[in-house]
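Me: Could you take a look at this one with me? I'd like to go through its aromatic rings.
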Amino acid sequence: MDCSSDESSELSDTDIDDYAEKVYVDLKSGKLVARLGADRFRCPFCPGKKKQDYRYNELLQHAIGVGASNRAAKVKANHQALAKLLKTDHADAAGSLPARQAEALFNPPKPVQDQELFVYPWMGILANVPAEQTEKGGATVMQQLDRFKPSRINAVDSSNGYTGFVVVHFEKDWIGFKDALAFHNYYKSRHLGKMDWNEASRRGKYIFGWLAKEEDYNSDDPVARFLSERGELKTVSELQLELSRKTETLITNLTNQISAKSKYLLELECKCNQMDLALQRAMEGSDSLHQRYNEEMRNMQSAAREHSRRIVQETDQLRKHLDEKERAIKRRSKQLSEIVAQTDMERRKLENDRKKNDGQNDSLHMARIEQEKANEGVRILVEKHKKEKEAALNKILMLEEQLDEKQKLELDIEQLRGKLEVVKHMEGEGVDVKKRTEELTKQLDERMDAMEHMDELNQTLIIKERMTNDELQDAKKELIKGLADLLNPRSIIGIKRMGELDEKAFLSACKERYGAEAETKALELCSLWQDNLRDANWHPFKMVVTGETPKQIIDEGDEKLVGLKEQLGEEVYKAVTTALLEINEYNPSGGYVVSELWNNKENKKASMGEVVEHILKQWKLQKRKR
């Protein structure tokens, strides 16, 4: 790792320990802050580094590596003080590290000469090893070297057979290097190292060992050939630089991946915001359409009532006019009868006049009968339309506008038909029957065309309303699916499973009745009653009428519910009835549990506006935190 500390400060190597102690005191007193949280640390001496958030093991490796490097004395002293602080005062953060990694952090290998070349991966050489100890994979040698944790061993052979040398392999990391140094120092301290091997005139049965270096690698013997085939020469500083470069490369790749994922997340958030805005606009448009519809419905109802009132008034006036005509004809007939005694010609004239008047009277009487039939048809049609209107209001409010318009047109058509029948029977009364008939027929055709147009418009609106409702439901399902992992029971807006039984009520009741078997019994009973809720043949509801509206309520006399209340008590009974009401309201046809957006704060179904508002608020909070 690089460090941005000032490396040009003059400090001799002999003063490193004293300066490191002074820096340690500053770190411990809090003047320099290294710990940010329970498992988060920073390097106070590398403020220019991009990475400022370390875990315990990462920062300790950084401090030990810089403290053992060939950097400036002040830089080394600062990082040695930081390593001492971590190992002495913050060792509690290393409790979760693996034992091998913790041991390497607290007991790092002592630095060696930077220009000294070692065989990498780390290898040790054993000389004068009996051939029988290399049998069975060298189990005997591995057991003897167990304290140095070798990964494996290989006996070195030549064209003449076994050479007496064994190559010991160690792990490739710094912990393996530490084990290799311990292996080398062990044999060296017992005068069984490489120099002792070269100088010994009589080696006896002793086994000699040392760490493989440049001299062993470049010599011309089977061991050198073995080492050159399986390793290479590297200095510690070269290896440290290579590992640092790999680490930096890994960090760079991870940083790029995080940046790409952050960009992708931002794009998803933008798309979500766009979807939420579109949904909000759709809801606002739906509310506005509903308000306009209600206003138009009120206007249509008022117009229909006024039209019906005018029809009744016109009918009454026409009936009075016909009655007056009938009375006038009767008076005229009576007058003709009184002068029948006049001359024969006058009598024949009077007789003809009387017959004529009788014919007119019959025509008027038939016209009145037809008018009464038309009025009765209008009355029946009005009652029929009134019933149809009440039924339509209970089912689909969106169709009221078209239904009232249709009723108006049918009433106009029936009235026009009645008037047309009256006009046909009024021939000879001074009325232009043909002209009046053509006018009424034209009006009747116009009403019929308007009625056909209204039917087409009605079907178009029904299809559009169904498509809009399906789109809203699909959007709601997608919203619930997308928010399933983001919402929780403690948030204001959550997802409630309607029709799902409360297991706590069963557990509480079973603890009072079954003791140690309460949990098992509660699970069995809860599962049993959840199956009962899905049973389509069980419908414990009854119909009651509140005002003019029928309503379904729980049938408290149902045998299963009565038995449940007696067996497990009021709390479980309430939990089951609540689930029944939820299923009957939200999924009466399916009978299974459905997810619904829920306002946990107000304990009610959440509207789409509330959900959108909550999502925007949470997004703004997350944005401020970042």
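Me: Which residues make up the aromatic cluster with Trp122?
Reply: In this predicted model, Trp122 forms one aromatic cluster together with Phe118, Tyr120, Trp174 and Phe177.

Me: And how many aromatic pairs are there by this rule?
Reply: The count comes to 15 aromatic pairs. One of them is formed by Trp122 and Phe177, whose ring centres are 4.3 Å apart with 35° between the planes, and this pair is tilted.

Me: What does that pair tie together?
Reply: Trp122 lies in the loop between strand S1 (117-120) and strand S2 (123-127), while Phe177 belongs to helix H6 (residues 174-189), so the contact ties together parts that are 55 residues apart in sequence.

Me: Are Trp122 and Phe177 buried or exposed?
Reply: Both Trp122 and Phe177 are buried.

Me: OK, what about Phe165 and Trp197, how are those rings arranged?
Reply: Phe165 and Trp197 form an edge-to-face pair, with 5.8 Å from centre to centre and an angle of 75° between the planes. Phe165 sits in strand S4 (residues 161-169) and Trp197 in helix H7 (residues 194-199), and the pair thus links distant parts of the chain, 32 residues apart.

Me: Why does Trp197 count as buried?
Reply: Trp197 has a relative accessible area of 12%, and buried means under 20%, so Trp197 falls in that class.

Me: Switching to charges: which lysine lies over the face of Trp538?
Reply: That is Lys560, at 5.1 Å from the ring centre of Trp538. There is also Lys565, whose charged end sits over the ring of Tyr573, 4.8 Å from its centre.

Terms used. Residues numbered from 1 in each chain as written. Predicted model: local features only at pLDDT ≥ 70, side-chain atom pairs only at ≥ 80, totals over all residues. Heavy atoms only, no water. Phe/Tyr/Trp six-rings, centres within 6.5 Å; stacked < 30°, edge-to-face > 60°. Helix = DSSP H or I, 4+ residues; strand = E, 2+ residues; numbered from the N terminus. Buried < 20%, exposed > 50% of the residue type's maximum accessible area, 1.4 Å probe, protein only. Lys NZ or Arg CZ within 6 Å of the ring centre and 35° of its normal.
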